[in-house]
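User: I'd like a close look at one part of this model. Keep it chatty, but give me the cut-offs.

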Amino acid sequence: MVSKTVTLTNPQGLHMRPAGTFASAMGKFASNVTIVTGGKDVNGKSPMALMAAGIGCGTEIEIKCDGADEQEALDSAVQLVESGIGE
Amino acid sequence: MYEGVNASDGIGIGIASVAVEPDLSYTPHAPEDAEQEKARYQAALDAFCEKTKTQAERMKVTVGEKESEIMSGHITMATDPFMVSEINDRIEKHECSEQALDEVCDMFYSMFDASDEIIIRERCADVQDLRSGIKAKLLGKEVIDLSTLPVNTIVVVSDLTPSMTATIDKENVAGIVTETGGRTSHSAIIARALEIPAVLSVPDACKVINNGDTVVVNGTKGTVHTNPSKAELSAYQAAAEAAAEAKAALEAYRGKPTCTADGIDKLLVANIGNPDDATGAAEHDAEGVGLFRSEFLFMDAKELPSEDDQFAAYQKVALRMKDKPVIIRTLDVGGDKEIPYLNLQKEDNPFMGFRAVRYCLNNPEQYKVQLRALLRASAFGDVKIMLPLVTCLDEVREAKALVEECKGELRREGVQFNEDIEVGTMIETPAASLIADDLAKECSFFSIGTNDLIGYTMCADRGNDRVRYLYSVYNPAVLRSIQRIVTCGNDAGIMVGMCGEAAADPLLIPMLISFGLGEFSVSAPSILRTRKIISQWTKDEADQLAWDVMQLKTAEEVQEALTKAAK
């Protein structure tokens with residue numbers, strides 16, 4: 001398992017569009033992707049769960065990837081969040 | 001006559017079609033074969049996605065790309081791996097597809113509903129919409145389809161869901177009446193984008209209006225009149241035709257320069273509240289942005305937006321408006337605008353308290369974040385900085401010193417910006433009006449904020465029923481103040497604009513022409529009408545009218561004289 005903590009910079013938080021973009025990018029990896037926020041584990045491949053977690057702008061989140069391609073998945077996730085998830 | 005929320009302007013006349021939601025009730029049962037039941041759910045889900053995809057594509061063409069994203073969002077939500085696996089788990093535990101779907105949708109509904117963020121809470125409507133869409137497929141029923149209605153139909157529904165609006169044929173639907181929804185709901189946004197008159201939140205609309213009733217929807221006033229008399233109907237028809245003609249006639253002013261009848265050029269720009277509004281402003285033919293309220297960036301966030309976030313928003317508007325001017329007002333917080341994370345103290349008299357430029361200058365490090373972002377954006381367009389609620393010269397000097405400090409920092413960092421960026425002030429207090437001659441020497445431009453200027457000059461809150469009668473731009477005190485500000489600005493050779501609602505007031509426009517106002521900043525939909533009115537007056541005519549009006553002693557007399565003179 002590998003993990004890294006990053007800060008979400010999307011001005012309106014993780015709403016529909018970025019949540020969908022993030023989840024579908026993670027869906028391509030075999031590893032499990034989990035976002036830890038406010039002490040809760042959220043399925044990083046589920047836009048609904050990500051939205052429901054209500055992750056606001058400026059929130060620190062821990063991304064955990066576990067599986068065959070975990071490092072690749074983590075790098076991709078971190079890069080995506082740091083670049084503002086397409087927004 | 002029924003009353004509701006005026007959600008989309010115009011008068012629509014037609015025959016009511018009361019769209020009744022299909023009966024989606026079912027009897028929960030344990031399926032015999034879980035695998036078969038999962039396949040049944042998958043088939044319904046596929047059919048739902050297929051239909052939604054078609055609707056989204058159609059909507060992209062008929063309504064707009066942004067609105068069609070609501071529909072593609074439904075596919076993202078319905079095919080969510082977490083949602084699908086939750087449903088499959090329940091089916092394996094001997095629940096039928098309908099029940100599994102209901103339970104999982106209930107779960108997501110309550111998760112979204114509990115959110116602090118409006119943008120997340122609004123997803124509740126989408127959960128309900130996709131629930132009924134998939135359930136209709138499971139039960140072999142059709143959800144309401146508004147694509148095959150006869151011409152001149154008034155659609156009456158309990159709630160207009162995004163999937164329903166996707167099927168609306170603009171050519172056939174003359175008006176919309178719903179039982180729920182407000183001015184900011186999906187239904188209202190889409191009705192406005194389609195330019196269909198709409199009245200929302202009419203209690204029991206589906207019960208009190210019958211199929212086949214003749215219905216008049218007045219989306220401007222928010223009224224619905226069923227089965228009017230012949231005389232009433234022809235009056236409505238005349239009003240609707242006149243409104244349609246007037247609107248069509250305004251199109252002649254699209255792409256034309258803004259100038260008076262005798263050829264004096266004016267700048268006609270738009271007031272916007274967020275970067276996306278810049279697109280609407282450009283579509284309405286605005287010659288720039290006269291007021292970009294930067295508050296949205298701060299109010300939509302949970303903590304102070306970073307320099308990069310702010311830069312991105314300002315840059316977006318600058319790029320969208322190309323080389324046209326974009327005046328951005330720095331944070332106007334306090335008064336009635338609360339931003340929880342700034343932890344401002346409660347004040348007995350917030351409108352006369354610690355707000356706007358006062359707050360910013362008291363928090364220079366925080367203010368510099370915004371000023372740096374504005375400077376960086378100035379490399380991408382004609383961005384100007386505007387200070388709100390100025391009451392004395394020191395405030396302008398202090399703010400300009402901070403701008404210079406930021407310029408120095410950026411220069412050292414090798415970041416590009418416009419060295420000659422203009423810094424101007426809003427003139428919205430009697431104090432600023434009285435020292436407008438001195439302010440004009442230190443500012444690059446003025447923009448008169450009439451809403452606050454009237455309030456502070458007349459000492460009257462327009463929200464207070466008992467003193468609202470005093471709140472009028474036609475009051476001689478207010479008019480004299482406006483005249484003084486424009487004169488002082490013009491004497492000093494700086495541009496003077498107006499970004500309050502009065503800039504679009506047809507009665508006031510000739511007065512503003514006479515005073516010598518150079519820039520009119522109005523809401524995007526008012527652009528063409530304002531251009532028309534400006535083009536109807538010569539400076540001489542306006543001067544004659546202004547001379548007469550400035551002799552009058554009361555707001556009533558002024559309004560009466562201006563109404564009489566209106567073209």
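How are helix 1 of chain A and helix 3 of chain A oriented to each other?

Analyst: Quick ground rules: this is a predicted model, where local features need pLDDT of at least 70, side-chain atom pairs count only at pLDDT 80 or more, and totals for chains, interfaces and linings use all residues. Residues are numbered from 1 along each chain as its sequence is written, chains are lettered from A and ligands numbered from 1 in the order written, and side-chain values use heavy atoms, with hydrogens and water left out.

Now the pair. The axes of helix 1 (residues 16–26) and helix 3 (residues 70–82) of chain A come within 10 Å and cross at roughly 165 degrees. Axes here are lines fitted to C-alpha atoms over the stretch in contact, with angles from 0 to 180 degrees between N-to-C directions. The two helices of chain A are therefore roughly antiparallel, a label for angles over 145 degrees. Their crossing is right-handed, meaning the near helix is turned clockwise from the far one by less than a right angle.

As for who touches whom (contact means heavy atoms within 4.5 Å), A:Thr21, A:Phe22, A:Ala25 and A:Met26 of helix 1 meet A:Ala73, A:Ser76, A:Ala77, A:Leu80 and A:Val81 of helix 3. That contact splits into seven nonpolar, two polar and no charged residues; Ala, Val, Leu, Ile, Met, Phe, Trp, Tyr, Cys and Pro count as nonpolar, Asp, Glu, Lys and Arg as charged, and the others, Gly among them, as polar.

Zooming out, chain A has three helices and four strands, running β-α-β-β-α-β-α from the N terminus. Those are DSSP runs numbered from the N terminus: helices are H or I with at least four residues, strands E with at least two. Of its 87 residues, 56% count as buried, i.e. under 20% relative accessible area (1.4 Å probe, protein chains only).

Key:
Angles under 35 degrees count as roughly parallel, over 145 as roughly antiparallel, 65 to 115 as roughly perpendicular and the rest as oblique. Buried means under 20% relative accessible area, exposed over 50%, partly exposed in between (1.4 Å probe, protein chains only).
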